[in-house]
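Subject: Structure for you to look at, with notes

Dear colleague,

I am handing over the structure below, together with its sequence, and would be glad if you could read my notes with both open beside you.

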Amino acid sequence: MTSLGVLAEGEIGLARWLITSRWGGFSEKPFNEANLAINVGDKPNAVEANRKQLASQINKTIIFPIACHSNKSAWVQEKEINNLNQVDGLITDKHGVALGVLSADCATVLLFAKETSVVAALHAGWKGMKDKILPLAIAELRRNGGNEISAILGPAICANCYPVSQERFFEVKKVEPAAAVINQNKDFAIDVKAGLKSQLNQEGVDFDSIEICSFESEDLFSFRRENQTGRNASLIWLKD
Ligand SMILES: [Zn+2]
C-alpha cells in the first residue's frame with residue numbers, strides 16, 4: 001500500500017482541506033505517480049487506484065467534476081455520481097462527501113462559509129478567474145446565508161513561469177487588472193493568483209495561500225513544464 005503524498009493540509013472553521021503532491025500513487029510516467037484525472041491519457045486502473053487510496057486516507061467519498069474552464073459551480077448532494085460535467089466548482093453542506101478539484105498549473109480555491117457550514121472547491125485557471133468563477137461562488141454562498149467566508153488558495157503557476165501573448169494579457173487586464181503583470185523577464189504574463197487575491201479582497205474574504213509555483217516545484221504536476229502529465233487534487237470537506 002502506498003499513500004498519496006500530501007503537499008499541504010489544515011483546517012478552516014469546521015472544514016478540513018488537503019492538497020496532494022504528485023508522489024505516492026500508482027500511475028506510471030509521464031503521469032507518475034499520483035495522477036487523479038481520468039481524462040489526461042493515464043491508465044484508468046491507475047487513476048481509480050489513486051482515487052480509492054486518497055478516499056481511504058481521508059475516509060470520505062470524493063466528488064470530482066470534469067473541469068472545462070467555465071465559471072460554473074454546482075451543488076453536490078450526498079452519494080452523487082462522480083465526474084460532474086461542465087462545472088469547475090462544487091458546493092455542498094453534506095458531511096458524507098469531500099469536494100475535489102484537479103489542477104496542473106491552474107489555481108484552486110477552497111471556501112468555507114461559517115454561518116451555514118457550507119464548503120466549496122473551485123478550479124480557476126486564467127479563464128475561470130477572468131470569468132469570475134470565484135466571485136460568483138461567493139455570491140452563491142452568501143445567497144444561502146453564508147456571509148462570513150474563509151478561503152485557501154492552492155498552488156499555481158507563478159507569473160515568471162507564465163508568459164502569455166500580448167492579446168491574452170490585455171484580455172485579462174481589461175477584466176482583472178491585478179492578474180495582468182510584466183514578469184521578471186519583462187514578458188507579458190498572467191498571475192492567476194494575484195487576480196484571485198484581488199477578488200477575495202474585494203469580497204472581504206480572509207484567505208491563506210499556499211505560495212508554491214507548480215512549474216518550479218518537482219512535487220507538483222505542471223502542464224506548462226511537461227505537457228503530458230497528471231493532475232493534483234485540492235480537497236475540502238466538513239469535519240464529522
Ligand atoms: Zn514559477
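The largest nonpolar core has 72 residues, and those with the most contacts inside it are Leu-99, Val-109, Leu-111, Val-119, Ala-120, Ala-124 and Ile-236. Please keep in mind throughout that this is a predicted model.

As to the chain as a whole, its secondary structure comes to 6 helices and 15 strands, and 48% of its 240 residues count as buried. The radius of gyration is 17 Å, which agrees with the value near 18 Å that a compact globule of 240 residues would have. Along its principal axes the C-alpha trace spans about 45 × 45 × 30 Å. Among the contacts between residues at least 6 apart in sequence, 61% join residues that are at least 24 apart.

An open sheet is formed by 6 strands in the order 5-7-10-9-11-14, with mixed pairing. Strand 5 (73–75) and strand 14 (206–209) stand at its edges, and because each has a single partner strand, one side of each is left without a neighbour in the sheet. Neighbouring strands of this sheet are turned by 15° against each other on average, direction ignored. Within the sheet, strand 9 (residues 107–113) and strand 11 (residues 149–153) run antiparallel and are joined by 5 bridges, with Val-109 standing opposite Leu-153 of strand 11.

Two helices lie across strands of this sheet. Helix 3 (residues 133–143) lies across strand 5, strand 7 (89–92), strand 9, strand 10 (118–124) and strand 11, and runs at about 165° to strand 10. Helix 5 (residues 192–203), for its part, lies across strand 9, strand 10, strand 11 and strand 14, running at about 20° to strand 9.

Is Ala-113 buried or exposed? With 25 other C-beta atoms within 10 Å, where 20 or more are required, Ala-113 is buried. Not counting residues up to four places away in sequence, Ala-113 touches Val-118, Leu-141, Gly-146 and Ile-149. Ala-113 and Lys-239 are 126 residues apart in sequence, yet their C-alpha atoms are 13 Å apart in space.

Strand 2 (residues 15–20) is mostly covered, with 6 of its 6 residues buried. Ala-15, Trp-17 and Ile-19 point one way from strand 2, while Arg-16, Leu-18 and Thr-20 point the other way, and all are buried.

Strand 2 pairs in the antiparallel sense with strand 1 (residues 6–12) over 6 bridges, in which Ala-8 has Ile-19 as its bridge partner and Val-6 has Thr-20. The two strands form a hairpin with 2 residues between them, and Gly-13 in the turn has a positive phi of about 55°. Strand 2 also runs antiparallel to strand 15 (residues 232–238), to which 5 bridges join it, and here Ala-15 stands opposite Leu-238.

Backbone details to check

The loop between strand 2 and helix 1 (44–58) holds Pro-30, which a cis peptide bond joins to Lys-29, with omega about 0°. Glu-33 has its place in the loop between strand 2 and helix 1 as well, and a cis peptide bond joins Asn-32 and Glu-33, with omega about -5°.

Positive phi values occur at residues other than glycine too. Asn-59, in the loop between helix 1 and strand 3 (61–63), has a positive phi of about 60° although it is not a glycine, and Asn-59 is exposed, with 9 other C-beta atoms within 10 Å. Lys-132, in the loop between helix 2 (126–130) and helix 3, has a positive phi near 70°, and Lys-132 is partly exposed, with 17 other C-beta atoms within 10 Å.

With best wishes

Key:
Residues are numbered from 1 along each chain as its sequence is written. This is a predicted model: local features need pLDDT of at least 70, side-chain atom pairs count only at pLDDT 80 or more; totals for chains, interfaces and linings use all residues. A residue is buried if 20 or more other C-beta atoms lie within 10 Å of its own, exposed if 12 or fewer, and partly exposed in between; C-beta atoms are placed from the backbone. Helices (H or I, at least four residues) and strands (E, at least two) are DSSP runs, numbered from the N terminus. Two strands pair if DSSP finds at least two bridges between them. Axes are lines fitted to C-alpha atoms, for helices over the stretch in contact, and angles run from 0 to 180 degrees between N-to-C directions. Two residues are in contact if their C-beta atoms, placed from the backbone, lie within 7 Å. The radius of gyration is taken over C-alpha atoms; the globule rule is 2.2 Å times the number of residues to the power 0.38. A nonpolar core is a set of buried Ala, Val, Leu, Ile, Met, Phe, Trp, Tyr and Cys residues joined through C-beta atoms within 7 Å.
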